[in-house]
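Please look through the sequence and the three-dimensional structure below before reading on.

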Amino acid sequence: MNLPRPSRGGALRAALVALLLALVLRPDWFAPVLAPLAPAGGPVIYERVSLLSLSLSHLGLVVLAAGAATLVAVALAVLVTRPSGAPFRPLSRTITNLGQTFPPVAVLALAVPALGFGAGPTLVALFLYGLLPIFENAVTGLTTLPPATIEAARGIGLNRWQRLLRVELPLALPVMLTGIRLSVVIALGTATIGSTVAARTLGEVIIAGLLTNNTAYVVQGGLIVGLFAVLIHDGLVQLEQRLARRMGRVGR
Amino acid sequence: MTPRGAATALSPPGVLFAVLGLALTTAPVLTLAANRIVTGQGARAWELPGATTGLSGLFAVIAGLLLGLPAAWPRVRLAGAGLGLAGLLWLLTRGASALLEGAGEYARVSPAAGFWCLLVILLMLLADALAQMSPGPRLRAVLLAAGLAALGAVLASGALADLSIAQEYFSRADAFADAALRHLGLAFGSLAAAACIGFPLGIYCARRMRMRDAVLPVLSFLQTIPSLAMFGLMIPVLGWVGDSLPGARALGIAGIGFAPAFLALVLYSLLPVVGNTVAGLAAVPAAALEAARGMGMTPRQRLFRVELPLGLPVLLAGLRIVLVQNIGLAVIAGLIGGGGFGTFVFQGLNQTATDLILLGALPTVLLALVAAIVMDILVDLARPSGRGTPPPPKTPKAEAPA
C-alpha cells in the first residue's frame, strides 16, 4: 500500500542516483555541507574504511540473505499450498503471524550467542526475518489464483509440475515480489544494526557518529542507507508493476 | 464426538514435531560455565547429576511430544504441549541446582541449544493445537491470562533463581525495573502520541484526495529510513531545540536520551495509523453512509456514529502494527541512551555476556507477543458481526522499519 512513488519522476530518480554515487565515491565533496554538524575541529567525513567497501558488503549481506530467504520461503509456500501440505497451513499462518511480532533487533541479538560476532548472526537474522513476508505473500499469491485459469491449465493437459512452473508461479510472481521487496527494505535497515555485532555494514558510520557525538557521520551514513533503501524499493516497485501488467493482473 | 477411526490418524505437523523433538533430546539442555563470560560445557538430559531428575524431565517431554500426534484430538495435543513444557521447566530448574552443586562460586548455568530448540518445538505444537481449536476472542483472552499467570508464578516462585540469567537480573533488579518502565513508556507513549496526531490527520486525508496524495508518500518515505539513522538524526534536531528554545531543557527535551527515541518512534508510527484510518473509513459501505445521510445526521454525527465504529477493526489493526513495531524498535533507544530493554542488549553485546543479552531480548519478545495477541483479540471484538468466528481478513500492512 501507499508507498513512495517517485516512479513518475525520472529526473528525481536520476538525481537521487547521482547523489548516492557521489556520497559513496566522492564523500569529500560533501565536507563543506556536513562541516557544521561535526564537532569543532573533529573529522567531518568518515575515512576509517572506504564507504564503497562498506556499501558493497552491506548490499552483499542483504542480497545473500534475501536470496536465500526467497528460495526457502517460496519452496515452503509451494509445499503448504499442495494438497499434501495442507495440514501445515494453519501452523504456518500462526508462525508467520507470531514471527512478525518478533523484533528484528531481538532476532539479531539472539543470533549472537549461537553464532558469535561478525557477519554470521547478521546474515541469519536477515534471513529469518526475511522469510516471513516472502512466505506470506507467496502463499497469498498461490492461493488467490483465478480457478478458471487453473482449470484451463488442467484442461489442456498440463501435469502438476507444468501447472506449477508455467501457470501458478508466474501468475503469483507479482505478489511474491511485493513480499521480497518488503523483506529487502527491512533487511537494508536491519543490516545497519548488524554493525553493533561487528558485521561490516554502513551502520558502522552511523554508530561511529553516535559514539563520538559526530552528527556529520550519522547524517552521512543514514543518508547513504536511506538512499539505497528508497532507490531499491522504487526499482522493485517498478519491476512489480511491469510484471503485473504483463500477467494481466491489475496493477496495485 | 470424533469417530473412533479418526483418532488413529496422525497429525502431519505432530509427526514432524515428534521426529524433530526426539532427535533434539540428544542435544545438551544445559551449559555449565566457570564464570559469566567463558563458554561452558554442555550437559545432556541424562548426564545431569542425579539420573532420575534428568530422565523424568526427559520422559515428560517425550510423552508430551507423543500426545501431540493424534490429529483428531486437539485438546490432547494441547495437553501434550503443556506436559512437554512442564517437563522442560523441570529439567531447567532441577538440572540447574544439581549442576551448580559444588561447581564453584562463580559458576553459571544457562539453557543450552537443546533446551531452546525443544522450547520452540513445544510452543509450535501448542500453537498448532490452538489453531486447530480456533478459539474465539474471549477464550483466547482467558488462555493468554492463564499462560501469563503460570509464567508469573514460575518466576515468582524463585525456581529459576539458579540460572545465570537470574543472576544477571538480581545484580541489576532496580535497573531492570527502570528499563521496563522506560520501554513501556516509549512504546505506549509514542502509540498515544501517534494516535492523537494520526487519527485526525487520517480522517482529514480520507476526505481530501489531494491531502492524502501529499501526506502518505511522505510518511512512507519516513519508513524507509533505517531506524538506527532515524534515532541518530533525532539527536541533533532535539539537541538544537533543547539549546535554542527556552524552557525546553526543563521539559527533558535534549539531544540524547528519551526525547529523540520517542520522536523517532512517533514518526515511524504515523504511516500505519494514518494509512489504516484512511483505509478503514474507505471501507465503510456507501449504503450505510447514504442511510445515515438520509436520517438527517450531520457530517460530525456520521463520522462518530457510523464511520468510526464501522472502521474500528481496521483502525485498531493500525494501532496493533504500531504497538508491536514500537516495542521492537524501542530496543534501539538503548544505543542512544534512551533506556529500555535495549540497554541490556547492547551492554551484553559489548561484554559478550549472553545472559545479559537475553535479559534484554526475552522481555522485549514477550512484550511484543503479548501486545500482538491482546490487540488481535481487541480487533476481533471490534468486528460487529460474529464474535471472531472466521479467520480475520487481511488488513493493509505497513512496511516495518528495521
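In what order do the elements of chain A run from the N terminus on? They run α-α-α-α-α-α-α-α-α-α, and chain A accordingly is listed with 10 helices and zero strands, where helices (H or I, at least four residues) and strands (E, at least two) are DSSP runs, numbered from the N terminus. The C-alpha atoms of chain A fill a box of roughly 75 × 45 × 25 Å, taken along the principal axes.

This is a predicted model, in which local features need pLDDT of at least 70 and side-chain atom pairs count only at pLDDT 80 or more, while totals for chains, interfaces and linings use all residues. Residues are numbered from 1 along each chain as its sequence is written, chains are lettered from A and ligands numbered from 1 in the order in which they are written, and side-chain values use heavy atoms, with hydrogens and water left out.

Two packed helices are described by the angle between their axes and the distance between the axes. Here the axes are lines fitted to C-alpha atoms, for helices over the stretch in contact, and the angles run from 0 to 180 degrees between N-to-C directions.

How do helix 5 of chain A and helix 15 of chain B cross, left-handed or right-handed? The axes of helix 5 (residues 104–115) of chain A and helix 15 of chain B come within 10 Å and cross at roughly 150°, and the two helices are therefore roughly antiparallel to each other (angles under 35 degrees count as roughly parallel, over 145 as roughly antiparallel, 65 to 115 as roughly perpendicular and the rest as oblique). Their crossing is left-handed, a word used if the near helix is turned anticlockwise from the far one by less than a right angle, with right-handed used if clockwise. In contact, meaning heavy atoms within 4.5 Å, Ala106(A), Ala109(A), Leu110(A), Val112(A) and Pro113(A) of helix 5 of chain A meet Thr354(B), Ile357(B), Leu358(B), Ala361(B) and Val365(B) of helix 15 of chain B. By class, this contact has nine nonpolar, one polar and no charged residues (Ala, Val, Leu, Ile, Met, Phe, Trp, Tyr, Cys and Pro count as nonpolar, Asp, Glu, Lys and Arg as charged, and the others, Gly among them, as polar).

Helix 15 of chain B (residues 354–382) also packs against helix 8 (residues 173–207) of chain B, where the axes come within 12 Å and cross at roughly 40°. That angle makes helix 8 of chain B oblique to helix 15 of chain B, and the crossing is right-handed. Phe176(B), His183(B) and Leu184(B) in helix 8 of chain B meet Leu359(B), Pro363(B), Thr364(B) and Leu367(B) in helix 15 of chain B, a contact with five nonpolar, two polar and no charged residues.

Helix 8 of chain B has a further partner in helix 9 (residues 209–224) of chain B, at an angle of about 130° and with the axes 5 Å apart, and these two helices are therefore oblique to each other. Residues Leu201(B), Tyr204(B), Cys205(B) and Arg207(B) of helix 8 of chain B meet Met209(B), Met211(B), Arg212(B) and Val215(B) of helix 9 of chain B, and the residues of this contact divide into six nonpolar, no polar and two charged.

Now turn to the spaces between the atoms. On a 1 Å grid over the protein atoms alone, a cavity is a set of points where a 1.4 Å probe fits but cannot get out, and a pocket is an open set with protein on both sides within 12 Å along at least five of seven lines, while lining residues have an atom within 4 Å of a point. Grid points are joined across faces, edges and corners, and a volume is the space filled by probe spheres set on the points.

The second largest pocket has a volume of about 510 Å³, and of the 19 residues that line this pocket, the closest to its centre are Thr81(A), Arg82(A), Pro83(A), Arg163(A) and Glu168(A). The largest share of its lining, five residues, comes from helix 8 of chain A.
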